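These entries record what I looked up in the structure.

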Amino acid sequence: MTPAYPLPSLAIRAATLSVFALTLLTACSSASDSTTEPPRADTPPSANTQLTALGLGTVSNRFTAELWVRGTTAYTTTWGNRSGAQGNAINIWNVSGAAPTLVDSVIVSNANTLGDVQVSDDGSLLVVAIESAPNGGIAVFSLVNPRAPQLLVRTTGGQLANGVHTAEVARVNGIIHVFCAVDEGNGLPSRLVILSLATPASPQVVFSQGMGNPFLHDVFVRDGLMFTSEWNDGTNIWDIGAQGGTLATARRISRATTFNGRAHNSWWFHDPTNNNRKYLFVSDEGPGTIGSESSGDVHVVDISDLSTPVQVARYRVPNAGAHNISIDEANGLLYVAFYNGGVRVLDIRGDLATCTAAQRTVIDNRCDLGLMGREVNRFTGTGNPVYVWGVHQSASGVFASDMLNGLWRITPHTR
C-alpha cells in the first residue's frame with residue numbers, strides 16, 4: 001500500500017529523491033512520540049489466544065510491502081532498498097496450501113520502490129503503484145492468467161511522475177477507476193488523481209486536485225462516498241455520488257480530525273447483522289525504526305451525521321504502531337498490521353462509544369478499545385522479530401505481509 005518521520009509513509013516520499021540514503025537513516029530513528037498516551041502495559045487479548053502461523057513464504061532479499069489476495073493467488077510488492085536490492089519486484093504466490101509458495105516475480109521497469117497492489121473486483125486487472133520520481137506512475141496488468149500477469153501499460157510522465165504512493169482500485173458507475181495519491185515534489189503539492197480504466201491500456205484522468213498537509217496518503221471508496229486520508233488535514237469525506245456528486249465534481253462534505261493527526265488510511269465499516277454504518281476506522285502512523293519500533297493508533301469515528309464526524313474511541317499497542325487495516329465484515333472483526341507488534345484482531349460489533357471511566361484514555365478521554373476488552377486475538381510471529389506492513393482478510397484466509405520475513409498465512413479468528 002525514518003528520521004523523525006513516520007515509516008514508511010513519509011519515508012517513501014523522501015525516498016523519491018533517495019530511497020537508499022533514507023533507508024539507512026531509518027535504522028537510526030526513534031519511535032518516541034510525545035502525543036501518544038502515557039506508557040502502560042500491553043493489554044492481553046480478552047480471549048487470551050494467539051493466532052497460529054500456518055506457513056511462511058520467505059522473502060529475504062527485499063523488504064515486503066503491500067499485499068492483495070484473490071482466490072488462491074496472492075500478490076506482494078517490495079519497498080525501498082535492502083542490502084542493495086531495489087523494491088521493484090511484484091511477487092506472485094500460490095496460497096492454496098498452508099505455506100505461500102512463490103510462483104514468479106515481475107520486475108517493474110524504471111522503479112526503485114513500489115506501493116499498493118490491488119486486483120479489480122472482477123479479477124480482470126492488477127494495478128500497482130510506482131513511487132520512483134521522476135518515473136512514478138502505475139502499472140496495469142491483465143490477469144487472464146492470474147499467475148502470469150501481462151503488462152497493459154506502465155505510465156510515465158504527466159501528473160503521476162512525482163510518484164504514486166497508494167492506488168486504490170474501485171468501481172464507480174460501472175467503470176473501474178484508480179484513485180492515486182501522488183507525492184509532493186518539484187515545487188508541486190501532493191494531489192489526488194483519479195484515472196478511468198474504461199480502456200485499461202489507456203488510463204484517462206477524470207479528476208485532479210491538490211490536497212493534504214503535507215500530503216495525501218490513501219483513499220477509501222464506498223457507496224458514493226470517498227474518504228481521503230490527508231495526514232494533518234485529517235480524513236476528509238467527499239460526495240462522489242451519494243448526494244448527487246460525481247467523480248469529476250467531487251464535493252467535500254466534512255473533515256474527520258483524530259487525536260495525533262497523521263491520518264494514514266481508513267475503512268468505513270458496514271455491519272451486515274444490523275446494517276450499522278456509523279463507524280469509520282482511521283489509522284495514524286508515527287515514527288518508527290525498521291525491524292524494532294513503530295508508533296501510531298487506530299481511531300474510531302462516528303459518521304452517523306456525515307456533516308459532523310466525531311471521534312469516539314481509540315486503540316493503541318504500547319511501543320508499536322498501526323499501519324494497514326482489513327475488516328472481516330461478516331464476523332465484525334478488525335485486523336490491524338502493527339509492524340513490530342504483529343497483527344491485532346478487534347471485535348468491532350456493537351457500541352464502541354460507551355465505556356467506564358477506567359476504560360478511557362488519559363489524554364483525550366475517549367474509550368480505549370484495549371481496556372474495553374475488544375482485542376480478541378493477535379499474531380506476533382514464531383519467535384523471530386516481525387515487522388508487519390499489511391494484513392488482508394479474504395475468502396481464502398488471512399495473510400500478513402512482513403517487511404523482514406515475507407508472506408505469512410495465519411489462522412483467522414473465529415467467534
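**Entry 1: secondary structure and overall form.** I worked from a predicted model. I counted one helix and 31 strands in the protein. I then looked up the radius of gyration, which is 20 Å and close to the 22 Å that the globule rule gives for 415 residues, so the protein is as compact as a globular protein of that length. Along the principal axes, I read a span of about 55 × 50 × 40 Å for the C-alpha trace.

**Entry 2: surface and charge.** I noted that 61% of the 415 residues are buried. The accessible surface comes to about 14,500 Å², and carbon and sulfur atoms account for 51% of this area. For charge, I found 26 positive and 32 negative side chains, with the centres of the two sets 2 Å apart.

**Entry 3: the largest nonpolar core.** Which residues touch the most other members of this core? I found them to be Phe-281 and Leu-334, in a core of 37 residues. Among the elements that give two or more residues to the core, I listed β17 (225–229), β19 (251–256), β21 (279–284) and β25 (333–337). The largest share, four residues, comes from β21.

**Entry 4: surroundings of Phe-281.** I set aside the neighbours within four places in sequence and looked up the remaining contacts of Phe-281. These include Trp-267, Phe-269, Val-298, Val-300, Ile-325, Ile-327, Leu-334, Ile-348 and Leu-352. Asn-265, Ser-266 and His-299 are also in contact with Phe-281.

**Entry 5: a second core.** I also recorded a separate core of 17 residues, with Leu-125, Val-153, Ala-167 and Cys-180 among them.

Technical notes. Residues numbered from 1 in each chain as written. Predicted model: local features only at pLDDT ≥ 70, side-chain atom pairs only at ≥ 80, totals over all residues. Heavy atoms only, no water. Core = buried A, V, L, I, M, F, W, Y, C linked by side-chain atoms within 4.5 Å. Buried < 20%, exposed > 50% of the residue type's maximum accessible area, 1.4 Å probe, protein only. Contact = heavy atoms within 4.5 Å. Rg over C-alpha atoms; globule rule 2.2 N^0.38 Å. Areas by Shrake-Rupley, 256 points an atom, 1.4 Å probe, with all protein chains shown as cover. Lys, Arg positive; Asp, Glu negative; His and termini not counted. Charge placed at Lys NZ, Arg CZ, Asp CG, Glu CD.
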